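Please report on the fold of this protein chain. Cover its strands, its sheet and its surface.

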Amino acid sequence: MHALIELQMPTEANLQLHFLPAKILADEVAEVKKYFEIYSVRQNDFLENSLRGHLLLGESVQAPSGYKSVVLQDSRGAHRKLKIKGCFQDFTYWNYDRSPKQANVYKQALQALHISEVLSYPVDEKEIASIISNKGKDEQTF
C-alpha cells in the first residue's frame, strides 16, 4: 500500500512522548499529563510508574543525531495520507518486566542504523589494496 506524506509545518513543535509496552485499542486523546506523568518518580537510574497495576521502569532516550524525528498521523480515506503531527528530540521508553537498559529493542535498532551507516561508507580502492598488501603483517593471533 502506498501513502502520501503531507509535508507541512507540524502542529506541535516538540512533543513529549512515552513508548509503553502495551497495546491500547483506542483512537482518542489521552490526558497523559493528568493521569500518567504526574505519577512518574525517579528511583536510582530509572523512572518508575505503573500501568494497569503493573510496575513500569523507564528512561529518557535521545533521538539519533542527524535525523529528524516526527510523529505521523494516519488519515485513511480514498487515499491513505500520513500527516506530520509534531517533532521530538527524546522520549521516555518504558518496560514492564526488565529495566529499559536490558534488551532494549529501540536501542538495538539504533545500533543497527549506526552499523548500516558504517558499512555503507565509501571505501577507496587504494585503501583496499593497502589492506590486502599488509594482510598478515598487522594481524595477531589470539
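## Fold report

Along the sequence, the protein chain runs β-β-α-β-β-β-β-β-β-α-α. That gives three helices and eight strands. Helices (H or I, at least four residues) and strands (E, at least two) are DSSP runs, numbered from the N terminus. This is a predicted model: local features need pLDDT of at least 70, side-chain atom pairs count only at pLDDT 80 or more, and totals for chains, interfaces and linings use all residues. Residues are numbered from 1 along each chain as its sequence is written, and side-chain values use heavy atoms, with hydrogens and water left out.

**The sheet.** Five strands form an open sheet, ordered β2-β8-β5-β4-β3, with mixed pairing. β2 and β3 are the edge strands, and each pairs on one side only. Two strands pair if DSSP finds at least two bridges between them. On average, neighbouring strands of this sheet are turned by 40° against each other, direction ignored.

| Strand | Residues |
|---|---|
| β2 | 17-19 |
| β3 | 41-43 |
| β4 | 46-51 |
| β5 | 54-62 |
| β8 | 90-95 |

β4 and β5 pair in the antiparallel sense over five bridges. Here Ser50 stands opposite Leu55 in β5.

**Helix on sheet.** Helix α2 (residues 105-119) lies across β5 and β8. Its angle to β5 is about 25°; axes are lines fitted to C-alpha atoms, for helices over the stretch in contact (heavy atoms within 4.5 Å), and angles run from 0 to 180 degrees between N-to-C directions.

Among contacts with a separation of 6 or more, 66% join residues 24 or more positions apart.
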